[in-house]
Amino acid sequence: MANETDLYCVPGATNFNKAYSRLHGYLAIVICIVGSATNSINITVLSRREMASPTNSILTGLAVADLLVMLEYIPYVMHMNIKIGPQVNKNTYGWAVFVYFHSIFSQTFHTISIWLAVTLAVWRYIAIAYPHKNRSLCSKRNTTVAIVSAYIICPFLCLPIYFAMNIVPNEVTSRNNSEFALDLSLPQNRTVYVLEMSKNKELVTAIMWIYSVILKLVPSIALSILSTCLISKLTTTDRRRQKLLKRSTVGPNEAEKQCLAEDSSSVRRSNRTDRTTRMLLAVLGLFLSTEVPQGLLGLVSALAPDFFKSCYSMFGDLMDVLALFTSSVNFVLYCSMSRQFRCTFARLVRRTLSTAEHSPKLTVKQEPTTQVFT
């Protein structure tokens, strides 16, 4: 394995994998717990009535997908990376089925997140490029259809992954316990079950093409193009704002004052739009930072099938934790870049604290007292 890794991968990949695997479980647990909390807050805040908008509806759908990925990842990483009991007990048929389920479930909901991000970019581009059509094209009905479509279509896109792996039984004896029971003396033969890639190389190669191109590179290219268009529109708006400021300092005549007033009102509206667009660009940038490397590595795996086992898998845990991290920091972006989100979140916190303070007083019952006079 080491020779294959040296041939297909960067030097030191095996040593890096061994060193990082000791930290991955605990790092992923922390990120998943924090990310589950922040995504739950995102869902609570963004689904408030005062926050209702097509953009926030998409962000809510994205937060739901990210939350499900993190909640499911917790038992998986505890099973795979945190040693709780004898290693042989982690290779039962039931656990093998769970790992099989995890590989499909996590990829499905992560794909939902990606395509919701693409939908978000499209919706935002329409809002700033065609504001007169925004209300009709990005209506509540169309937004709901787009979100539901992502949740329905993406599982079918990820269905080929089901055929890429097989649950394989291995006979383990006291003489041949290998990595399944390093610290256990087996009194008798045992059968352990592991998840392995299919032996059909043509099938695996086809699935790698679907994974890298359809699930990773196509949405990444779409996000890149849309992000470039959004940045271009922001640049144009900034130039218009600077031009307006220069005109206002020259001292306009009466004929120009009304025009400047209208332009100033338009610029104030565009300022709010620009702040929202910049926040969404940060979200899209986080997606691209993790999806592009995975897509490129998947593409290399499709071109050179041995690359997946000897190199891609060496960095699989690291790419997982980076994807989890990017899905957990959206709360920080929303708080730092959206005043409406901060205010709504603050009101919810105050209301929760106020309810917690008053509820004990409401539940305390006055006990009757009996006075005895002698």
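**Exercise 1.** Are Glu 291 and Lys 216 buried or exposed?

*Solution.* Start with the setting: this is a predicted model. In it, both Glu 291 and Lys 216 are buried. Now look at how the two residues meet. They form a salt bridge, and their closest N and O atoms are 2.8 Å apart. Glu 291 belongs to helix H8 (residues 254-303), while Lys 216 belongs to helix H7 (residues 201-250). The pair links distant parts of the chain, 75 residues apart.

**Exercise 2.** Find which residues are linked with Glu 50 in a network of salt bridges.

*Solution.* Take the contacts of Glu 50 one at a time. With Arg 48, the side chain of Glu 50 makes a salt bridge at 3.9 Å, N to O. With Arg 347, Glu 50 makes a salt bridge whose closest N and O atoms are 3.6 Å apart. Put together, the network consists of Arg 48, Glu 50 and Arg 347.

**Exercise 3.** Which parts of the chain does the pair of Glu 50 and Arg 347 tie together?

*Solution.* Recall that Glu 50 and Arg 347 form a salt bridge. Glu 50 sits in the loop between helix H2 (13-46) and helix H3 (54-81), and Arg 347 sits in helix H12 (residues 339-363), so the pair ties together parts that are 297 residues apart in sequence.

Key. Residues numbered from 1 in each chain as written. Predicted model: local features only at pLDDT ≥ 70, side-chain atom pairs only at ≥ 80, totals over all residues. Heavy atoms only, no water. Salt bridge = Lys/Arg side-chain N within 4 Å of Asp/Glu carboxyl O. Helix = DSSP H or I, 4+ residues; strand = E, 2+ residues; numbered from the N terminus. Buried < 20%, exposed > 50% of the residue type's maximum accessible area, 1.4 Å probe, protein only.
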